[in-house]
Amino acid sequence: MLWETSDVMIYTGWSRQFISTLCSKGTLPFIPGRPNKFVPESVEKAILGMQVGGQYGKRKAKKTQIKKAA
């Protein structure tokens with residue numbers, strides 16, 4: 001059973017435009033030739049990768065060194 005864009009919208013709460021943007025960037029996998037059809041397992045895996053700690057997830061801030069004036 002394949003998901004449509006509306007199913008992904010319900011699952012994630014994202015807008016249709018945001019999902020389309022993720023597809024065009026190659027972040028969210030879709031079936032070639034049918035851009036509004038998705039394989040549920042691959043979409044869920046991609047969404048988990050975008051969550052905290054994933055490729056786009058929130059990361060710790062880098063520590064900055066304060067330089068002292070000489």
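## Overall fold

What does the secondary structure of the protein chain come to? Three helices and two strands. Helices (H or I, at least four residues) and strands (E, at least two) are DSSP runs, numbered from the N terminus. Along the sequence, their pattern is β-α-α-β-α.

This is a predicted model: local features need pLDDT of at least 70, side-chain atom pairs count only at pLDDT 80 or more, and totals for chains, interfaces and linings use all residues. Residues are numbered from 1 along each chain as its sequence is written, and side-chain values use heavy atoms, with hydrogens and water left out.

## Burial, surface and contacts

The protein chain has 70 residues, and 24% of them count as buried. Buried means under 20% relative accessible area, exposed over 50%, and partly exposed in between (1.4 Å probe, protein chains only).

Contact means heavy atoms within 4.5 Å. Among contacts with a separation of 6 or more, 43% join residues 24 or more positions apart.

## Helix 2

Helix 2 spans residues 16–25, and its Ile19, Leu22 and Cys23 are buried. These buried residues line one face of the helix, because they fall within an arc of 100° seen down its axis. The arc is that of the directions from the helix axis to the C-beta atoms. Their cover includes helix 1 (5–12), strand 2 (37–38) and helix 3 (40–50).

Gln17, Ser24 and Lys25 lie on the other side of helix 2 and are exposed. Just after helix 2 comes Gly26, with a positive phi of about 90°.
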